[in-house]
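Keep the structure open beside you and follow along.

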Amino acid sequence: MTSLIWLAIALPLASAAILLCLGRRADAWGHWMGVAASGGAFLVGLGALIELLGKAAEDRAVDTTLYTFIPGGDLHVDVGLLADPLSITFVLLITFVGTLIHVYSVAYMEHDPDRRRFFAYLNLFVAAMLLLVLADSYLLLFVGWEGVGLASYLLIGFWNQKREYATAANKAFFVNRVGDIGLIIAMGLMFTSFGALDFATVAEQAPSATTAQLTAIGLMLLVAACGKSAQFPLQSWLGDAMAGPTPVSALIHAATMVTAGVYLIVRSAPIFDGAPDARVVVAAVGAMTLLLGAFIGMAKDDIKKALAASTMSQIGYMMLAAGLGPIGYAFAIFHLVTHGFFKAGMFLGAGSVMHGMKDQVDMRRFGALRGAMIVTWVTFGLGWLAILGIPPFSGYFSKDKIIEAAFVGEGWQPWVFGGAALIGAGLTAFYMSRLFFMTFHGKARWTDDQHPHESPALMTVPMIILAVGSAFLGLFLAVGDRFTHWLEPVTGHAEHHDPVLPIPVLIAATLTLVVIGAGIAWVKYGRADVPEEAPAASLATLTARNDFFQDSVNRAVFQRPGQHLTRTLVYLDAAVVDGAVNKQARGWAGLGEASRRLQNGQVRTYAATMLVGLVILAAVIVVGGL
Amino acid sequence: MNFVTPEIAWAPLAPIIIVLGAASIGVLIEAFVRTPATRRSVQLVFGLVALVAALGTAIAQWVALDGGGTVVQQFMLTVDRQALAWQTLIVVFGILGLILFASRTRAGESAFTPLGSTAPGSIEETLARRRGFEVTEVFPLLLFAVGGMMLFTSVTDYIFLFVALEVFSLALYIMVALARRRRLMSQEAALKYFLLGAFSSALYLFGVALIYGATTQTSFAAVGRAIDVISGRDALLLAGVVLVLVGLLFKIGAVPFHSWTPDAYQGAPTPVTAFMGAATKAAATAALVRIVYTSLYPLEWEMSWLFWAVAIASMALGTVLALVQTNVKRMLAYSSVAHAGFILVAFAGFTEEAVAALPFYLLAYGLATIGAFAVVSQVRERSEDGAVGAEAVRLGQWAGLGKRSPLLAGAMALFLLSFAGIPLTAGFIGKFEVFSAAVAGGGWPLVLIGVIASAVAAFFYVRLVVLMFLTDIPEGAEDSIEVEDGPLAKLVIVVTAAAVLVLGILPAGLLDVYADAAQFLVLPNG
């Protein structure tokens, strides 16, 4: 199956092409073809998994060269796919969660006239994302990287008839561009340092490169990861990206695409291994973002934006883990997988709530929905317990490991990183409980014409399956360190290190903070009445509500000076450059005029031109040949 | 006297014989099938069958010539893999052109005038149109052109090359004159093309005479050997070489022998422009390659001056003039002049890589050209009373085409990006191969100029893309444009677009094939 792994990309890609080309003719059945394509990709991934499991651990990396893009010479470019434990993990996550979300969308988008186009984009996304994780070189990864960016742009702006949605799509696109530049520079540096861009050669050559080179490459990769994964300081687009249909938020902006940055860091382990400074920066960015996202999540009243902030914060955990080096890589991916399940489940739950509440997203107008939608309540509840990290639910196994790993080390690092991770756990418990209680408990604060109802089976079944995953996947993968052993061929074997505090103390401290956070939330939002209008807020709340004024900062630091710079440049261009150009342009225009005069439509002129040309060429040959 | 029956190697000649034979039978079909509508269908099917058969036999012959193998050297012809590579290319362009010739608008209007012999706007013309006449002679004419071009790629004798040149040129002159709309312009273009073509043919013949004078030979190989022997510089020979090359550079459309291109491209019926733009350039390039590599190679040093000068002039002037065009067809014509320059860049250093790179470049260029002109043929003006008229060729009329027909505009954008040489299109690979061949031959300054010219050229290609997709349809002009959807034209657009994309992503297989073709066998006895 690993030799057929290209099928996993080809199926959804072909489906997307067919859906886009056939247009309205495919409206009747297009969505089911989309589901089938994604499901087919999952089966291919499953086949590859079974094949890899049948091999010895060190043989579990199958690199298939599909074809040679540009043969020979200095620039030999192969297009190849790499099936190893890391990429297959992603393939399964993307296609499994993706297929469920496809099914869910069939019902969720039922009344949208453009449902077929939606599925085409969704398939396009799945294909691009699979290309991203299966690529065996940075160059091909970049193709997928741009592909998911394109799909994300198209899907955020899916309802682009609304101006602010189109703006949100543009914003995501522009911010991602900054990250892409990072990846391009990183590739340039790699090419000059190693002379190749495929993972194998880079891994082979990395140990012989200087630390400065590796640090530069690592930092540029981090810029790329920050853009794609909404990490500080490039996180501002994710909240606005919630403008897309909710299944998109679940698949792209929670479970898969936004985690591509973590994938990139883990995949580049050979580079970060030789660049400890870059690793510290990665961990610092992760720690910073995990707190930032948590604070924003505490203040948001829009259910999707609160979940988006939580995604940002959870990816912060993964980045932190990835920045810790070999001891953290496996846990970063572990948390990424469990998070993919519980966060996608919760997003689908939020979509289900919106479905029953006429697209209301303000949590202050929810409340007491437990009675109206029992399935949504249970599935969301399991996701909530998972993200809180209550044993034995999934999040406990993955997040606790990250907290433990963050406390490993010497000097100031374990205390800062570990502290941030620990505090983050408490904050997470608070804001997620706040979200949960405000939505499902307390008194009903619905607007007058609301009649909440449970969603159809096509929506609830995927939610139930994801909820089961949120509950038990962590336990299943953690038993006997199954998952970390599975990833070992890629992430390397990590020696066991003791944290600076004993592990039981850490677990106890985490759980205590979680319980305190959830308790405060219950007192404030579960038991007490929640005002329907947001109360006047303190400066701190206001700051968080406004995403730490990131937009204003961006505007002040980048946009305004950028505008002034462009205006100055335009002025200089008009005054200085154009001055010169105009003089020169007069020359060009003169040339154009002269040639146009020759191109006057008269055959005798044409023939004369040819004759003159002939004479000149004869002169060139005679003179030049001398 | 003792006559020896010549042994004719039929198999290698089969592709050419099939096409030229079919062309002759096509003329008979004109005489014996009376109803115009039936005649058109018969001609189309017959022409397609003949071209597909030619393609099949050419490929079979390719396979038979395993690794160079036996090569026919009769009748001043050489059928080696190089010749077959170019022949298949031209037949493919012929097939696409033939389909495009048969395409019609919704109102059943073909691209050709109903009766070629009538004066534009005369009563006879109106009558002919009303009675449903059709110039179905274009189909055999196209076959003659294809056959002539196939010969042109395989001939190894200066005199016979001239015959082949005239075979396809005469067919082209007639076809250019047959536009249904804007007939005066079409006839003027044909006359200009004919006069200038005759002029260049005369120059070529004069050149051949001078070469014969200097070497007493007319076959490529014998001339090559003779030049080798001539010590010192022979003015007669050099003058002859320049004249011969000028004749070919005229067909390629390189500066300063390009003046016919914009007028002929603009005036010709668009399907003819499509076929001519793609196939003539390929045939002329093939002949140029053969002459330069098998006959004039001893004059490498002298010729490189000529090639460099013409390449630079073509790239620069083609690009600059394309920038200021406001007519889509003229813009594409000047872009073809610039592309002639890029083609000549490959000759820098006369490397073997260039021989392998050029067929791919011409294939990529030809597919995009046919596709782009097929798109042009679908965008029509509509008058206020709703009648669909001539093609809308003013750039301004293309504003917002992406909103009227996203797929058509998307295909056009793809062709333009391929012209510009953007990665993941065939044009990129072609340009990359050609430029690498030039670098390998030490022509890096030429490549530098080529890259700069490409960058400037990207401007006017992208300008059209911007116009189609990012500009709104002008107020009040919503109904002034009609987008046709002739199924045959659509077929051509889809096939060429798919090919441009596939060759951009999976070029390796074909590149290997053309690398095989880059083996010349210089004739042992002329």
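Two residues are counted as being in contact when their C-beta atoms, placed from the backbone, lie within 7 Å. Please bear in mind that this is a predicted model.

**The helix pair**

With that cut-off, Ala411(B), Leu414(B), Phe415(B) and Ser418(B) of H16(B) meet Ile493(B), Ala497(B), Val500(B) and Leu501(B) of H19(B). Sorted by class, this contact has seven nonpolar residues, one polar residue and no charged residues. The two helices, H16 (residues 406-420) and H19 (residues 487-505) of chain B, have axes 10 Å apart and pack at an angle of about 40°. H16(B) and H19(B) are therefore oblique to each other. The crossing in which H16(B) passes H19(B) is left-handed.

**The sheet and its helix**

Chain B also has an open sheet of three strands, in the order S4-S3-S5, with antiparallel pairing. Its edge strands, S4 and S5 of chain B, each pair on one side only. From one strand to the next, the twist averages 45°.

Here are the residue ranges of the strands:

| Strand | Residues |
|---|---|
| S3(B) | 379-382 |
| S4(B) | 388-391 |
| S5(B) | 481-483 |

How many bridges join S3(B) to S5(B)? There are three, and these two strands run antiparallel. To find one residue pair by eye, look for Arg380(B), whose bridge partner in S5(B) is Glu482(B).

Finally, turn to helix H14 (residues 352-378) of chain B, which lies across S3, S4 and S5 of chain B. H14(B) runs at about 20° to S3(B).

Terms used: Residues numbered from 1 in each chain as written. Chains lettered and ligands numbered in written order. Predicted model: local features only at pLDDT ≥ 70, side-chain atom pairs only at ≥ 80, totals over all residues. Axes fitted to C-alpha atoms, helices over the stretch in contact; angles between N-to-C directions. Helix = DSSP H or I, 4+ residues; strand = E, 2+ residues; numbered from the N terminus. Parallel < 35°, antiparallel > 145°, perpendicular 65-115°, else oblique. Left-handed = near helix turned anticlockwise from the far one by under 90°. Nonpolar A, V, L, I, M, F, W, Y, C, P; charged D, E, K, R; others polar. Pairing = 2+ DSSP bridges.
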